[in-house]
Structures are given as C-alpha cells and as structure tokens.
Amino acid sequence: MAGERAKLETILGRLRRTLRIGLAAAALTAATCGAAAQGARPGVTAIGDAAVTGFSGAPAPDRIAPGEDAAAQTFIDRDGPSLRIVDLRRMGGPPEAQLVGAPKIFTVRAARIGQVFGVAFDDSNPPNVYVAASSAYGLPIVAPKSGGGLIHIRLGAAGAVFMPGLWGPNGGPGAIWRLDGATGEVRLFAMVATDGRANSGAALGGLAFDSASKMLFVADRETGLIHRISGAGADLGTYDHGVTGRAALGLAPAPWRAPPPLDVAKSAFDSAQPATWGYAGPQRLIFGLAVHDRRLYYAVVDGLQVWSVGLGPDGAFGSDARLEIAAPPSNGPTEISKIAFDAEGRIYLAERAAPTGAFDFEALAQPAIGRVLRYAIVGQTADGQRIWQQTPDAYAIGFPEIFRNGNGGVAIGYGYLETGAANRGSCDGFLWTTGEQLRVSADAKIAARLARGGESHIDGLQGNPLWRILRDREPPFVSYFISYADNFADPSTRGHMGDIDIRRLCEPGPAPSFGRPDLPPPRPLPPDMPPPKHRPVPPQGKPPTPPSNTPPVCKPWQICGPPGTPPCPPNQIWRRDTNSCAPTCPRPNVLIAGQCCPPPGIATPAGAACSNSSCPSGQTAIGPSNFCCPSGQVYANAAGQTACCAGALVNGQCSPPTTPSNPNCQTGVNNPVCCPSGYVPSTNACCLASQLTSTGVCCPAGRKPTGPNKAQCGFLIPIRLGPFCCAAGKIPVGDGSCCLPGNVTTSGVCCPSPVDPANRAQCRSVSVPPRPCAAGYRLMPDQSCCLERSVRRNGKSCGNAPPLPVPVIPRRRHADCSTRGPHYIPSPRDPSRCLRCPRGKVANDKGDACVAVGGHPPPRLAPPRHPPRVNCARLGPRFIRNPDDPSTCMRCPPGAFANANRSGCVRAPYGPGFIGPPGYYPGPRWGGPPRRWGPYPRRPYPWRPGAPYGNPGLMR
C-alpha cells in the first residue's frame with residue numbers, strides 16, 4: 001500500500017508541474033508548422049529582434065513571524081530577468097488584442113547586470129546590445145540584522161548598503177553593460193564618471209547609438225551631463241546642457257554644483273523619497289536620447305522639453321542647441337524617457353512616471369499616466385528651422401483608465417502580413433511600447449473579449465500599427481501583447497517595465513495587410529496637409545475665412561494662434577510678441593512647436609504665455625513637468641520643492657492616508673495572531689495567502705498549492721509561451737506540449753485521460769496502472785517482471801537466484817556553469833563539473849546543451865580518441881568491461897556472469913558453467929548444451945556460412 005501511494009504521488013506530482021493557462025490563450029499561441037519553423041540565426045540577436053529591459057522582481061516572503069513587516073523581508077530577485085531578447089518575427093495571425101507567445105531568445109539575469117533601463121543596439125551583424133544601470137525602479141537599501149543576515153530598511157543608517165541585485169557585480173550606478181550579439185557574452189563596457197568622480201546612486205538614463213561615428217551616448221542622471229563613449233568603452237567628452245545648451249538660447253545657466261556623493265549610511269537618505277536620491281536639478285536633468293539627421297535629441301525634465309544639438313563626423317558635440325518641443329503635461333509627474341524617429345522624420349516620445357520608491361516593490365512608479373506621443377514636421381521657417389505640429393498625436397497604451405499605461409519605452413519595428421509574419425518591406429510598420437497591466441479593463445464586455453485572447457494582467461509589450469493613433473477614445477483592439485516575465489504579473493504591480501529597442505534594416509517588399517474587411521486601411525493625409533520632413537510647400541494663398549458663426553478649428557498639421565483666430569498659412573508660425581503669423585522667429589525668441597516665444601515665457605513654470613501648463617482655475621502647476629494639482633493639496637516637501645499631496649493637507653503637511661494592515665483582525669483561540677495584509681495565520685505564523693493550501697499548510701518557496709482543492713504543495717515551472725506546432729486533432733498547452741482537446745482542463749492542464757464533462761476543472765482521479773511486462777514474463781507482487789518458467793509454484797517469487805540489484809547512481813550536485821561564461825555547460829557524465837562547448841558553439845537558453853552561433857557552421861572537430869579496450873576474460877567469467885571506461889573491468893553482481901562479448905551481465909539460472917568461456921553461447925533456448933559459434937561471435941544464433949553478422953548485445 002505504501003508503494004502504491006508513493007507511485008500515486010509521483011504521477012500527481014507530474015500533473016502538478018504542468019502550467020495553468022486557459023485553453024483560449026493556448027490556442028491563440030498556436031501556429032502552422034511552416035510559420036513556427038525557426039529560421040537560422042547568426043547569434044543570440046538578429047535583425048528585427050527587440051531588446052527589452054525590466055525590473056527583475058522582488059517576491060514577498062512566503063512565511064513571516066507574527067508582527068513582522070513583510071516588506072522588510074522582501075528583496076530583489078537576483079534570478080529574475082533584467083534584459084531579454086524577444087523574437088518578433090511571427091505573431092501567429094492578425095492583431096486582435098491577443099496575447100502572443102513570442103520566444104524569449106536570450107535572458108540576462110539581475111545577478112549579472114543588476115537593474116537596467118536604457119537599452120540600445122549597435123549596427124554590428126549580429127547587433128550587440130548595451131544597457132545602462134538605472135534608479136528608475138528605486139534605490140532600496142539593506143542593513144545587517146541582529147543574529148545574521150540582512151534586513152530591508154527605508155532610511156539610511158550605519159552599515160547600510162545598496163540591496164544586492166541593484167547593481168551588477170564589479171559595477172555600480174554608472175555601469176554600462178554590453179551583450180555580445182554573436183556569443184551572448186555579457187561584460188562591463190564602461191563606468192561613467194565625471195572628473196574622476198563615480199556616479200553615487202542616481203545612475204544613468206537613456207542610451208543612443210550613432211551609426212556614423214560609432215559612438216554611444218548616455219545621460220548621467222546625477223550630473224546632468226551627456227557622455228560620449230567610444231566603441232572601446234572610453235569616455236571621449238561630455239555635453240553640458242545646463243550651461244552650453246541653455247546659453248545658446250539666451251537662458252540663464254543652470255550649472256552643476258557638485259554636491260557631496262550620495263551616502264546611504266546617513267539618515268538624510270530616504271529610499272521612499274526620490275528627492276533624496278541625488279538627481280541633478282530639473283533644468284539640467286536629462287533622460288531620453290536619440291540620434292537623427294546628424295543631431296542628438298535629448299529630453300529635459302523641466303517642462304517636458306525636447307532639445308537637439310548637432311554632431312560632428314566624429315560624434316563631437318556642436319554649439320547649435322535648439323529647443324524643439326515642449327510636450328503638454330500628463331495627469332501626474334512624468335519624464336520623457338525615450339525618443340524614437342520613423343523614416344518620415346516624425347518623433348515619438350515615451351513618458352515614464354516619476355519613481356515612488358515603494359518599500360514593498362509593488363507600485364514602483366505613479367500608475368496610469370505614461371503616454372506615447374507623436375509629433376510631425378508640418379513646415380519650415382524662412383531660416384530653416386523645423387516647425388512641429390502644435391498638438392501631438394497620442395497612442396492608446398493598454399486598456400485601463402484613459403489608455404495611459406506606458407512605462408517609458410518605445411521603438412519602431414517591421415509591419416506584419418495577414419499571417420502574422422514580419423514584413424521586411426514595411427520598415428516602419430509597427431510601434432512597440434512597454435507598459436503595465438495592459439489587458440485589464442473595467443468594462444465587462446471588453447474584459448470578456450480580452451479573456452478569449454489570454455491572461456489579463458500583463459506587464460510587457462504592446463504592438464500596434466504605426467498609423468493607429470488614439471481617436472475617439474477607441475481601445476487598442478488592433479494590437480499584439482507580449483508578456484515580459486515567465487509568469488503573469490501581480491495585479492498590484494506598476495512601473496516594472498523598462499525600455500525597448502529594435503534593430504531593423506529596410507528591404508523592399510509587399511505592403512502590410514491584415515486580410516480583414518473590418519480593419520480600416522491607414523487614413524490618407526488630408527489634401528491640405530503639407531508633406532513631412534523638410535520639403536518646401538508651395539504657397540497656397542490666404543486661407544479662406546470661416547463663417548462668422550463657426551469658430552475656426554485648428555487641425556494637427558496647422559499652426560494656430562489663440563482660439564478664434566484663423567490658422568497661419570503654411571510654413572509660418574505664430575508670434576506671441578506681435579500676436580500675428582510670421583515666416584520666421586527672430587532671436588532672442590524661441591520657436592516651440594510652431595509658437596515663437598520670448599525666453600522668459602519658457603523659463604517660468606506656469607502662467608507664462610509659452611508654458612506647457614494649462615491648469616484651470618483652482619489648480620496649480622507642479623514642476624518640473626507642470627502637471628495640474630488641486631490648490632488645496634499643494635505643499636512643500638522635505639527638499640523644499642513644491643509638490644502635490646495624494647491626500648488632504650494636515651496643518652500644511654502632507655499626511656497620506658494610512659490604514660492598518662489588517663484592521664478587522666481579532667485575536668482569539670481560532671486566530672492566535674494578527675497578520676499583515678495579504679497574509680493569513682498558519683501554525684502561529686503568517687503565511688502568504690496565495691501559498692496556503694486548503695489543509696492549512698504554508699507552501700515553501702518554489703512551490704504552490706495545487707491538486708484537487710489546492711490541498712497539496714506542488715512544484716511549478718516557469719511559463720514559456722511560444723509558437724507551437726501540433727499534429728491534427730491536438731492543441732498546445734502551457735508546458736509546450738500538445739494534448740487532445742478532451743483531455744485539457746479549463747486551467748490548461750493536459751490530463752492522461754479525458755476529463756469529466758461535469759467537472760472540467762481538474763483531471764479524473766488517477767489510479768496506478770499495473771506495470772506492463774514483456775511477452776513471456778509475468779508481473780510479480782513486488783511489481784517486478786519474472787520469466788514465466790522461472791516463476792515458483794506459489795506464484796509469488798521468481799526462480800532460485802535473488803533478483804539482480806538495481807545499481808544506484810548517486811546524485812551529484814549540479815554545477816552552475818553560467819558563472820563561467822556562455823561557453824560552458826554541465827558535463828553529461830558528471831553534472832558537478834563544467835564542460836566547455838566546441839569552438840563556434842555556446843550554451844542554449846536552458847544551459848544544458850551547446851548550440852551553434854554565427855553565420856557559418858561550427859568547425860569540424862577531430863574524432864574522439866577512445867581508450868584501449870582491456871581483455872577482461874583473463875580475470876574470470878564474472879568480469880566485463882566498464883561501460884564508462886573501456887580500459888578497466890568491473891565485476892558482475894552476485895548470481896550473474898559476463899555475456900559472450902564481455903559487454904554486460906546476464907543471469908545464469910543453471911549455474912556458472914552454463915555460460916562458458918568467451919566464444920560460447922547458450923543456444924537458442926535456455927537449457928540447451930553450450931555450442932561454440934566461432935572466434936568472432938556477432939549473433940545469438942548459430943553462425944552459418946553466408947549469414948550476416950548481427951549485434952552481440954541481443955544476448956543480454
């Protein structure tokens with residue numbers, strides 16, 4: 001009975017390892033065999049792939065003591081992904097807001113590079129990837145705990161250090177890491193420093209690669225400088241926007257005062273207050289970067305401004321800084337964290353909400369305020385300055401709230417055919433963004449429609465056609481969604497995604513088509529809209545005067561003055577100083593998105609004519625992004641800056657509403673302890689609610705409640721979605737296998753037999769099947785198989801000789817070969833040792849096999865040298881050659897003797913003399929006299945002239 005119970009547990013354990021995702025999500029990720037076939041890749045990266053960054057995660061502890069703060073025991077997951085290479089070549093069908101199982105080709109863990117945000121490809125083949133250390137997800141710190149170990153703390157204290165996993169090994173806040181696109185090698189590329197002073201904590205912002213000069217540009221968030229890094233990792237100079245850039249427009253300089261480095265061991269540091277993290281002033285603080293038309297575009301936090309400066313042939317900075325755009329503020333504090341351009345010269349801006357420093361690692365940024373905006377060039381002034389459209393186009397990012405769920409990443413990729421295959425002929429076909437909770441909707445009808453396409457709580461990527469801007473508050477139904485992590489997101493997480501970059505080469509090809517009549521084609525440009533970029537527009541005369549009873553409407557491609565005034569003619573701007581249209585903007589005025597503004601108008605945060613703030617009465621613009629806050633909630637924070645309180649002010653101080661972790665907790669006989677929110681009592685301790693089984697057992701880390709009624713703790717494996725190819729009559733399930741539809745539960749588990757139609761939530765009760773025996777053998781009570789004529793009369797035992805003992809192979813500790821580099825895998829014979837891959841090969845994603853990389857096949861290696869074979873016959877009939885080392889011999893177990901060719905042991909029911917010396921065999925049936933078959937035995941039958949030689953192993 002005990003043995004049957006153990007076998008039943010084994011079978012149930014295998015079932016519990018199966019992943020749980022819905023049938024609809026699994027079916028949507030299925031693809032045809034031809035579409036799912038993986039093409040040849042030159043390395044770990046390829047043209048069209050996306051490099052995506054994100055927070056590696058910080059899982060809450062499964063079990064804590066009563067009264068203990070769970071957040072104090074929460075630490076960064078060093079095994080979580082910080083950088084992933086995502087294959088975007090096949091989506092499996094037209095965009096219908098479905099979850100797509102795009103393969104994650106390569107993953108770099110936080111233990112290797114820490115937390116990173118900015119990412120950029122270079123122009124190598126295959127392209128290399130660069131990522132920069134970031135504080136966008138917070139600056140958590142830890143301190144030694146009494147009794148050993150570490151504890152997560154909020155305020156700086158003696159002995160405090162940055163939390164492990166925040167920065168990579170031998171790196172720091174100024175680290176730039178390089179992923180080799182061919183070999184997958186990750187190494188420290190550069191350490192950003194200013195005059196020998198290393199970055200102390202504010203870390204870095206965006207990255208931009210210049211193909212012409214082969215330079216990498218990076219924004220230093222602590223000093224406000226932009227560094228120019230060579231291909232060898234050398235710092236070749238800096239650009240100071242606060243001094244040089246502002247001086248070019250006649251604005252007051254904002255130099256860096258070089259304050260003392262950030263010290264987390266002092267109480268002035270507060271991990272929950274970004275104002276104490278050592279950022280540069282808002283007038284010089286830079287985040288997003290991009291290179292376009294031999295100019296470096298960069299985003300300044302103050303006023304959400306986008307500037308540009310010329311680049312020399314060697315990547316040197318020019319002195320012709322321009323203020324290009326001042327984006328309108330969002331619903332809360334944001335920064336422009338990424339800039340991208342398409343082939344028509346339109347600029348795309350992605351916002352990232354301000355960091356929160358959440359102590360529990362849940363909402364790392366302000367939720368639902370991250371936008372993606374687009375500006376087009378609508379004209380050109382007489383002196384050659386570009387005129388950007390006044391009001392930007394916006395994209396619907398995610399389904400919740402007001403479609404502002406971006407996390408600060410944007411990139412442009414290839415379009416797609418109606419089959420979902422990437423179309424290399426459509427170089428600017430799709431817009432990819434990073435975001436949070438992308439498929440969640442409060443509308444019941446929309447939620448039901450989305451549920452048919454996969455999981456709702458998704459932090460990851462959204463891809464939609466480039467022309468699909470937000471119109472009439474239409475949700476992003478024409479889009480793809482890809483989950484970043486290997487499991488679905490916690491509903492309370494915010495700001496966990498980072499940046500994205502896509503390397504593409506334009507090729508001629510067919511135009512994208514989704515093959516659906518209900519999907520409208522891209523809307524053509526209106527006839528009166530000027531062409532993009534810098535092409536001159538022929539004069540069209542004075543625009544017609546609208547009827548007096550109809551106020552003029554300013555189109556996005558027109559430049560207009562105050563409400564009620566007609567639009568300006570093409571290639572003209574609106575001058576604020578003269579209240580009229582003009583062909584140019586004379587200095588010292590500044591041209592901002594079609595408005596000619598005096599310098600004081602852009603220097604004042606709010607109330608000025610050219611300020612990007614437009615707060616109604618009763619609200620106040622809060623810098624640096626000038627978002628609107630109710631005047632009754634405005635206060636001065638610890639740094640003396642004007643801020644917006646989330647709740648009401650109490651005596652002029654911001655006191656956010658706090659609620660007890662479990663206000664309804666009442667201790668008693670049945671509830672001896674009070675646990676924080678999200679935890680439940682379990683044997684005088686607090687267990688994470690999602691880890692508690694129905695029997696009251698708290699599952700340890702790495703296991704989850706599974707089985708019927710969730711009564712047991714089972715092992716789970718990571719979710720790995722991908723394009724599947726199943727045979728006819730089967731569908732893919734979450735673990736990557738194919739299953740009969742009638743055997744799949746509603747949670748996506750493939751059962752060994754058809755499920756009960758009345759209860760499709762779980763598999764039928766599993767009984768241990770009898771162990772099958774080969775023909776001529778009988779199943780014994782001990783579940784072994786015995787030769788029919790060797791079974792004793794009682795039918796319960798087998799023969800006279802005891803059964804051969806099963807050799808026990810001791811388990812060896814598996815070595816972690818990933819620390820030695822991408823060329824090492826565990827040895828198949830000895831997993832505790834590492835084996836180097838042959839030249840031209842690297843370890844695969846699982847790290848258990850070598851795969852070829854590069855555009856050429858791996859070099860042909862010389863055949864292995866086999867050790868000399870030893871003659872074991874001289875030691876007696878019980879010795880055979882060692883299968884692991886043919887140069888040595890090993891002894892057969894008791895009751896067994898060597899077979900004819902000394903390659904294995906066989907049972908001898910009639911004594912040792914029955915086998916005979918080498919060169920003899922027992923005959924076609926057991927019990928016959930031994931016969932000699934010749935000096936070179938090859939078959940278990942008498943040899944005859946002309947008969948082919950067989951395999952002597954058939955004797956065993």
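**Strand pairing and disulfides in a predicted model**

Val 142 stands opposite Val 161, a residue of strand E10. Helices (H or I, at least four residues) and strands (E, at least two) are taken here as DSSP runs, numbered from the N terminus, and two strands are said to pair if DSSP finds at least two bridges between them. The model is a predicted one, in which local features need pLDDT of at least 70 and side-chain atom pairs count only at pLDDT 80 or more, while totals for chains, interfaces and linings use all residues. Residues are numbered from 1 along each chain as its sequence is written, and side-chain values use heavy atoms, with hydrogens and water left out.

Val 142 belongs to a strand with two partners described here. Strand E8, residues 141-144, pairs with E10, residues 161-162, in the antiparallel sense over two bridges. E8 is also joined by four bridges to strand E9, residues 150-153, and this pair runs antiparallel as well. In E9, the residue opposite Val 142 is His 152, so to speak of Val 142 is to speak of both pairings, since Val 161 stands opposite Val 142 in E10 and strands of a sheet pair through backbone hydrogen bonds, either parallel or antiparallel. E8 and E9 form a hairpin with five residues between them, and in the turn Gly 147 has a positive phi of about 95°.

At the level of the whole protein, seven helices and 63 strands are found. Of its 956 residues, 46% count as buried, where buried means under 20% relative accessible area, exposed over 50%, and partly exposed in between (1.4 Å probe, protein chains only). Contacts (heavy atoms within 4.5 Å) were sorted by sequence separation: among those with a separation of 6 or more, 54% are between residues 24 or more positions apart. The protein exposes about 45500 Å², and carbon and sulfur atoms supply 56% of that area. Accessible areas come from the Shrake-Rupley method with a 1.4 Å probe; for residues, only the protein chains shown count as cover.

Two further sheets can be followed strand by strand. Three bridges join E46 to strand E47, residues 686-688, and the two run antiparallel. Within this pair, Val 680 has Cys 687 of E47 as its bridge partner.

The other is an open sheet of four strands, ordered E37-E36-E39-E38, and its pairing is mixed. Strand E37 (580-582) and strand E38 (590-592) are the edge strands, each pairing on one side only. Neighbouring strands of this sheet are turned by 40° against each other on average, direction ignored; axes are lines fitted to C-alpha atoms, for helices over the stretch in contact, and angles run from 0 to 180 degrees between N-to-C directions. Strand E36, residues 573-575, pairs with E37 in the antiparallel sense over three bridges, and Arg 575 has Ser 580 of E37 as its bridge partner.

Cys 645 counts as buried, at 1% relative accessibility.

A second example links Cys 786 and Cys 798, with an S to S distance of 1.7 Å. Its S-S torsion is about 80°, so the disulfide is right-handed. Cys 786 lies in strand E53 (residues 785-787) and Cys 798 in the loop between E53 and strand E54 (824-826), so the pair ties together parts that are twelve residues apart in sequence. Cys 786 is buried, with a relative accessible area of 1%, whereas Cys 798 is partly exposed, with a relative accessible area of 24%.

The disulfide between Cys 837 and Cys 850 has an S to S distance of 2.0 Å. Here the torsion about the S-S bond is about -80°, so the disulfide is left-handed. Cys 837 lies in the loop between strand E55 (834-836) and strand E56 (841-843), and Cys 850 in strand E57 (residues 850-852), so the pair ties together parts that are 13 residues apart in sequence. Cys 837 is buried, with a relative accessible area of 5%, while Cys 850 counts as partly exposed at 23% relative accessibility.

Methods:
Disulfide = S-S within 2.5 Å.
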